[in-house]
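Work through the exercises below with the sequence and the model open. Try each task before reading its solution.

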Amino acid sequence: MNRRLVLFLVIATVQWTVSPLVSFADPQSNEATLLINSLESNASEYEKAKACYRLADIGDDRAVPALTKLLDHPNLSNYARHTLERISSPKAKKALREELSRVAGDLLVGMIGSIGHVSADAATDELARFLDDENHVVS
């Protein structure tokens, strides 16, 4: 058999066998996965804040659960909210609405502002209960 033909067949077989194993995923998707893992880890607040900034640029909806967990964090809530605003998917808007009951004070004021920013029309019922809030900034 011709050496070139044998070499071609070997290369073709290896390529055919290995190619399904090689990931051709979007590089931003891979970066988003690493950033989400950072939010869910014991990373410093600084690293989590930077991850939020980058996720806001990427806009990956998979980050919503990790960001939602930060909405009641006194130092990271703003970063998480602004990232959810930038993602602005139905899932992100829903997370902002559903987490209203978990926060109070300044964090609640920020959440209300974020809901207004993303025009979450479905939030009117949730927001109506704050009209008579004892905190004048909330009401």
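Buried means under 20% relative accessible area, exposed over 50%, and partly exposed in between (1.4 Å probe, protein chains only). The model is predicted: local features need pLDDT of at least 70, side-chain atom pairs count only at pLDDT 80 or more, and totals for chains, interfaces and linings use all residues. Residues are numbered from 1 along each chain as its sequence is written, and side-chain values use heavy atoms, with hydrogens and water left out.

**Exercise 1.** Which residues of α5 are buried, and what covers them?

Solution. The buried residues of α5 are S77, A80, R81, T83, L84, E85 and I87. Their cover includes α3, α4 (64-68), α6 (90-98) and α7 (105-117).

**Exercise 2.** Find the aromatic pair and classify its geometry.

Solution. Rings of Phe, Tyr and Trp (its six-membered ring) pair if their centres lie within 6.5 Å; planes under 30 degrees apart count as stacked, over 60 as edge-to-face and the rest as tilted. The structure contains 1 aromatic pair. Y53 and Y79 form it, with centres 5.6 Å apart and 80 degrees between the planes, and it is edge-to-face. Y53 sits in helix α3 (residues 45-58) and Y79 in helix α5, so the pair ties together parts that are 26 residues apart in sequence. For exposure, Y53 has 52% relative accessibility and counts as exposed, whereas Y79, at 30%, counts as partly exposed.

**Exercise 3.** How are α3 and α5 oriented, and which residues make their contact?

Solution. Axes are lines fitted to C-alpha atoms, for helices over the stretch in contact, and angles run from 0 to 180 degrees between N-to-C directions. The axes of α3 and α5 come within 8 Å and cross at roughly 10 degrees. Angles under 35 degrees count as roughly parallel, over 145 as roughly antiparallel, 65 to 115 as roughly perpendicular and the rest as oblique. Therefore α3 is roughly parallel to α5. On α3 the contact uses A49, C52, Y53, L55, A56 and D57, and on α5 it uses Y79, A80, T83 and R86.

**Exercise 4.** Repeat the analysis for α5 and α7.

Solution. The axes of these two helices come within 10 Å and cross at roughly 10 degrees, so α5 is roughly parallel to α7. S77, R81 and E85 of α5 meet L107, G110, M111, S114 and H117 of α7.

Methods: Helix = DSSP H or I, 4+ residues; strand = E, 2+ residues; numbered from the N terminus. Contact = heavy atoms within 4.5 Å.
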